Amino acid sequence: MGDLERELRDLSAWLDTPDPPDVTARVRVRLSTPAPRRRRWRSLAAVALVALLVAVLPPTRAAIADVVTGLLRFAGVSIATSPTPTPPGGTASPLPGQRAVAVDEAQRAVRFPIRLPAKLGQPEQVLVADPDVTGRYRVATLLYDGGALRVDAFDGRLNLAFHKEVIPPGASWVQVNGDFAVWVDGPHVLSYVDRAGGIRRETARLAASTLIWQDDDVSYRLEGTLTKAEAIEIARSLD
């Protein structure tokens, strides 16, 4: 089994699919079709299916799933399924080097554009975290509603920045502006992944429902007490 075939199989396990339509009548028609035409139809259908699966894969095949280990990597976030997620221990530590700044200062401090969701307006507070040796920060966070609603933004071309532990199924594919996104429904454990790829367990906390998506090489996490539809509308409103 090739890499692409394996990725297609594993990614399909994370997809919420609708109930299949009733195709009884069409199947009966196909069964009455002469064999050569059926073979030609099956060949064309197989080609079309492969083309469809390749077309719907996230850009640059940036989503990697493994149904055996129950792990999905997408947009700089890893999502692990577990019937018993590791509970966060005590009060979560802030992200490395985290500090509060004004919006304009935050924009100068990161290497990616900070876009505000029009549906939320100006944030009550802005945080930047994890600076490199040049002083550029890796993550920018916009806080609303006393911190209960937050938008984390980071360079989507970087390695993992966050790790989630969810109870199966826990996550599903959705779309934001026609592109792939992941919706995590309900509370789950969230930890920060440092620049070396290590999961910072001291940052682990219980997170609310979250939408994860990418736009122009920037990855976003929208977290709060939101429905899936509300989260998608907020994501679509990025200025």
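**Rings, strands and charges**

Mentor: Tyrosine 220 is buried, since its relative accessibility is 1%; buried means under 20% relative accessible area, exposed means over 50%, and partly exposed is in between, with a 1.4 Å probe and protein chains only. The model is predicted, so local features need pLDDT of at least 70 and side-chain atom pairs count only at pLDDT 80 or more, while totals for chains, interfaces and linings use all residues. Residues are numbered from 1 along each chain as its sequence is written, and side-chain values use heavy atoms, with hydrogens and water left out.

Five aromatic pairs turn up in a search of the whole structure. In one of them, phenylalanine 154 and phenylalanine 162 have ring centres 5.6 Å apart and planes at 55 degrees, so this pair is tilted. Rings of Phe, Tyr and Trp (its six-membered ring) pair if their centres lie within 6.5 Å; planes under 30 degrees apart count as stacked, over 60 as edge-to-face and the rest as tilted. Phenylalanine 154 is buried at a relative accessible area of 1%, and phenylalanine 162 is buried at 3%. Tyrosine 220 has tryptophan 213 as its partner in a stacked pair, with 5.1 Å from centre to centre and 20 degrees between the planes. Tryptophan 213 is also buried, at 3% relative accessibility. Elsewhere, ring pairs link Phe74, Trp173 and Phe180 into a cluster.

Next, the strands. Strands (E, at least two residues) and helices (H or I, at least four) are DSSP runs, numbered from the N terminus. Five of the six residues of E10 are buried, so the rest of the structure largely encloses this strand. E10 covers residues 179–184 and contains valine 184, which is buried at 1% relative accessible area. E10 pairs in the antiparallel sense with strand E9 (residues 171–176) over six bridges; two strands pair if DSSP finds at least two bridges between them. Alanine 171 stands opposite valine 184. E9 and E10 make a hairpin with two residues between them, and asparagine 177 in the turn has a positive phi of about 55 degrees. E10 is also antiparallel to strand E13 (residues 210–215), over four bridges. In E13, isoleucine 212 is the bridge partner of valine 182. Valine 184 and threonine 210 are 26 residues apart along the chain, yet their C-alpha atoms are separated by 5.1 Å.

Last, the charges. The charged end of arginine 221 sits over the ring of phenylalanine 162, 5.2 Å from its centre; the criterion is NZ of Lys or CZ of Arg within 6 Å of the ring centre and within 35 degrees of the ring normal. Arg221 also belongs to a network of salt bridges with Arg150, Asp152, Arg205 and Glu223. A salt bridge is a side-chain nitrogen of Lys or Arg within 4 Å of a carboxyl oxygen of Asp or Glu, and the structure holds 13 of them. Another joins glutamate 165 to arginine 201, the closest N and O atoms being 2.7 Å apart. Glutamate 165 is buried at 7% relative accessibility, whereas arginine 201 is partly exposed at 42%.
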